[in-house]
Amino acid sequence: MYLQPILTVLATLPVLSLANTSPASPVPCKEIRLRKEWRSLTVDQRKKYIKSVQCMLTKAPKSKAHFPIVTNRYEDFVALHANASAGGRDLRQSTGGFAGALGGFGGSMNTGIHGTGTFLPWHRYVVWQYESVLQDECGWDMGQPYWDWYLDTPAAGGSWLKSPLFDPESGFGGNGAKLKAGESGLKGFGAGFGTGGGCVVDGPFKDMKLHIGPGAVMKMGSERCLTRSFNIEAGEAAGSKEVVKDALASKDFQTLRMAVEMPNITFTGGKIERHGGGFHNVGHGGVGGEMGDPFTSINDPIFFLHHTGIDRVWQMWQDQDLQKRISDTGTGLTLKTPIWMGLEAPDRPVGDVMDIINRDGKGFLCYKYETGSEEYFDKPAASGKPAGPVTSTTSAMSTSSTTSTTIQAKSMTTARPPKAMGKGKGAVGPATSRN
Ligand SMILES: [Cu+2]
């Protein structure tokens, strides 16, 4: 569970060296989408992004024949995430809650997309797919922006409450209304945590209507508002440089995934103690409310900035030893394991999403991050600031060892229409070893 205190795991961490600098090889990926941190977008670009998200909220859904509950294109993704969280099971018959028809929360989480090696590959793929839909169907012409949590911590001169992400004009709006004593605003997971708990009161999503959830509920008639419940200490602790550095020091994929996902945080007498790792879960807990729901956190559009930030950490980690890590999938997962994308896109083997610029031509991803791991090491960024458009440390590898295999698609209950992958709008030209 997201904010459940879990014991610390990380012990000694190896010292890192910065990314290798082997010469570039030609890359099949042509139009690279450049993903920028939210505050590196101009205010106009931020507003345009929000408009694209709102466009998805007004567009007809594509999965309605299968999920009568979905009311718009955005909710296709909510249904996808909720069902994928249950291991690709069909939640239409779920009786609600986290157990119900799922056979238990723990079981579903372990066969789904959280608490398992599939966590990073699945979320990498869904962010790509969402970015593609924003571009192809809703006029967005840049890469999917990400959230660098560190920039909102006091150590970086930032502040959670002053984060440009929560700006009511050019961001996603702020906290949920503070609940009165005894009032239960959030009907789903995470009630009782944080400083809000009620409906978001400002910004572009304050009137957003949710229809899926809370939890594993895919039934009609549960319309509710978008809630948030800021837990600033959790958010700032999760976003600290040390937490990300701990994760980046992981010796292998399995360790990285645990460092990202396991909330190594304890709450002692109302105070939070960090034990390393866990910025995925505590990031969800920092925003709180709907973001704290493991099935339907994706109802909050901030989800995608958060998960793009997580994907960036995986990428930074891969970059430290690219040749090796581009094929490291840990135990219980192979490069051939299919990633289920429901009705939204074809299933793909894990090997297809290991390389974000698809050097071997067998995958499909084509993007990069504007900034890399320089922020997390004692090497001054080119701009002299922790944020901003500095030179990426994205490194080249001469040959990818990724093997890609065509796999039999695992279907839920219906056939998917074939779906073209998104095109590279907002592209920045051919991939080079250094940008
Ligand atoms: Cu998720």
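## Helix packing and local backbone features in a predicted model

The axes of helix 6 (residues 241-248) and helix 9 come within 9 Å of each other, with a crossing angle of roughly 45°. Helix 6 and helix 9 are therefore oblique to each other, and helix 6 passes helix 9 in a right-handed crossing. This is a predicted model, in which local features need pLDDT of at least 70 and side-chain atom pairs count only at pLDDT 80 or more, while totals for chains, interfaces and linings use all residues. Residues are numbered from 1 along each chain as its sequence is written.

Some terms require their cut-offs. Helices (H or I, at least four residues) and strands (E, at least two) are DSSP runs numbered from the N terminus. Axes are lines fitted to C-alpha atoms, for helices over the stretch in contact, and angles run from 0 to 180 degrees between N-to-C directions. Angles under 35 degrees count as roughly parallel, over 145 as roughly antiparallel, 65 to 115 as roughly perpendicular and the rest as oblique. A crossing is left-handed if the near helix is turned anticlockwise from the far one by less than a right angle, and right-handed if clockwise.

Helix 9 (residues 302-320) also packs with helix 4: their axes come within 10 Å and cross at roughly 125°. That makes helix 4 oblique to helix 9, and the crossing is left-handed. Helix 4 has 20 residues and reaches 27 Å from its first C-alpha to its last, close to the expected 28 Å (1.5 Å times one less than the number of residues). Of these 20 residues, 17 are buried (20 or more other C-beta atoms within 10 Å of a residue's own, with C-beta atoms placed from the backbone; exposed is 12 or fewer, and partly exposed lies in between).

The largest nonpolar core has 98 residues, and those with the most contacts inside it are A79, A82, M218, V244, A247, L248 and V313. Helix 4 (residues 119-138) gives the most to this core, with 10 residues. Such a core is a set of buried Ala, Val, Leu, Ile, Met, Phe, Trp, Tyr and Cys residues joined through C-beta atoms within 7 Å.

Helix 8 (residues 279-287) is largely enclosed by the rest of the structure, because nine of its nine residues are buried. Among them are F279, H280, N281 and H284.

| Residue | Phi | Setting |
|---|---|---|
| G139 | near 75° | follows helix 4 |
| G288 | near 70° | follows helix 8 |
| N358 | near 45° | residue other than glycine |

N358 belongs to the loop between strand 9 (348-349) and strand 10 (367-369), and is buried, with 24 other C-beta atoms within 10 Å. Another loop, between strand 4 (209-210) and strand 5 (224-225), holds P214. A cis peptide bond, with omega about 0°, joins G213 and P214.

L322, in helix 10 (residues 322-325), counts as buried with 21 C-beta neighbours inside 10 Å. L322 and D355 are 33 residues apart in sequence, yet their C-alpha atoms are 9.1 Å apart in space.

For "domain: Tyrosinase copper-binding", an unreviewed UniProt entry lists residues 114-131 and 300-311. Residues 114-131 are 72% helix and 0% strand, with end C-alpha atoms 21 Å apart. Residues 300-311 are 83% helix and 0% strand, and their end C-alpha atoms are 18 Å apart. UniProt positions are given in the numbering used here, feature names are shortened, and annotations may be inferred rather than shown by experiment.
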